[in-house]
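Biologist: Could you walk me through this one? Start with any term I will need.
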Amino acid sequence: MAFTKILVPTDGSEFTKAAIRQAVELAKVTGGSITALYVIDQTVFGNVPIDSSVNAIYDMMDKEGHNATAFVKSLGEENGIDVSEIVVSGSPVKAIVEASKDFELIVMGTLGRTGFAKFMMGSVAEKVVRFAKCPVMVVKSSEAETK
């Protein structure tokens, strides 16, 4: 398999930058393209009633998502790689797994959740590896990138 259709989930954190660079290098070798995916995590809203403050937070997350995918696009363009951007709402794991059916490979970092949030929700990468419909490459970020 050539891995020419590559999905790169990003949350905009430093934890995903090593994975983004790895995906770009892989796309250069295979002549592939990348789709950058940002999921606005609606699970953080729970049963909170929709009001102006929730809308403001959602708008901020939407902007953050577009910034995160734009970073992938700009790095891809610098390297001659075609990158498309997708920002969706929902559960990150469900959205990534659902999208996986349309790709040959997912390249992802260990997304930015740490500590208690990671304990309570589990690792997004771990769940994607378990349920994705295509191979998954998980790229660990280096210490230098997390500081």
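Modeller: A residue is buried under 20% relative accessible area, exposed over 50%, and partly exposed in between, with a 1.4 Å probe and protein chains only. This is a predicted model, where local features need pLDDT of at least 70, side-chain atom pairs count only at pLDDT 80 or more, and totals for chains, interfaces and linings use all residues. Residues are numbered from 1 along each chain as its sequence is written, and side-chain values use heavy atoms, leaving out hydrogens and water.

Biologist: Is Phe 3 buried, exposed or partly exposed?
Modeller: Phe 3 counts as partly exposed, because its relative accessibility is 23%.

Biologist: Where is Phe 3 found?
Modeller: In the segment before strand E1 (5–9). Strands (E, at least two residues) and helices (H or I, at least four) are DSSP runs, numbered from the N terminus.

Biologist: What is Phe 3 in contact with, leaving aside neighbours within four places in sequence?
Modeller: Thr 30, Glu 104, Leu 105 and Pro 135. Contact means heavy atoms within 4.5 Å.

Biologist: New topic. What is the strand order in the open sheet?
Modeller: The five strands run E3-E2-E1-E4-E5, with parallel pairing. Two strands pair if DSSP finds at least two bridges between them.

Biologist: Which strands stand at the edges?
Modeller: E3 (83–90) and E5 (136–139). Each has a single partner strand, so one side of each lacks a neighbour in the sheet.

Biologist: How many bridges join E2 and E3?
Modeller: Eight, with E2 covering residues 33–41. Thr 35 has Ser 84 in E3 as its bridge partner.
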